[in-house]
Amino acid sequence: MIKRIYIISGTLLITLLFSCGNSETPDLTFFLSKEWKMTSVFINGEEQDIDISSYRLILNSDLTFQRIQLNNETDEGTWSLANGNNQLELISTANGLEEYLIVELQFRLLELQVIQGSDKVGATEFRYVLEPVRP
């Protein structure tokens with residue numbers, strides 16, 4: 001009888017331990033909040049041979065951003081995550097709302113795909129690969 005109680009208690013304990021996993025998702029704003037430089041641009045899957053060394057996207061932890069465009073013009077605004085943290089939304093003072101699908105996010109890699117508005121004609125795909133300026 002005591003052996004049976006130990007077996008039942010042990011089974012319950014193991015079941016509780018495995019079912020009480022941490023279901024919280026990590027705060028992606030922590031991983032995104034840094035200065036990013038563009039390393040590659042792809043249009044319809046083909047890498048473009050253009051000088052992208054000046055492009056910077058600085059995502060601040062207070063959900064503001066600054067950006068240096070390829071022509072060295074700057075703009076700023078706010079940023080947020082949307083659609084289950086699968087989209088990066090930039091609300092720029094110069095361009096308004098810009099939406100990007102987060103294709104891949106790693107500690108040292110961010111790949112974004114432009115989400116085109118429904119008013120755009122054609123199916124051109126733009127992808128940007130970025131990496132942090134500092135490790």
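Residues are numbered from 1 along the chain as its sequence is written. In this predicted model, local features need pLDDT of at least 70 and side-chain atom pairs count only at pLDDT 80 or more, while totals for chains, interfaces and linings use all residues, and side-chain values use heavy atoms, leaving out hydrogens and water.

**Layout**

The chain has two helices and nine strands, in the order α-α-β-β-β-β-β-β-β-β-β. Helices (H or I, at least four residues) and strands (E, at least two) are DSSP runs, numbered from the N terminus. Of the 135 residues, 24% are buried (under 20% relative accessible area, with exposed meaning over 50% and partly exposed in between; 1.4 Å probe, protein chains only).

**The core**

A nonpolar core is a set of buried Ala, Val, Leu, Ile, Met, Phe, Trp, Tyr and Cys residues joined through side-chain atoms within 4.5 Å. The largest one here has 17 residues, and L59, L88 and L90 have the most contacts inside it.

The largest share, three residues, comes from β1. Leaving aside residues up to four places away in sequence, L88 touches several others, including L59, W79 and L112; a contact means heavy atoms within 4.5 Å.

**A loop residue**

D51 lies in the loop between β2 (46-47) and β3 (56-59). D51 counts as exposed because its relative accessibility is 60%.
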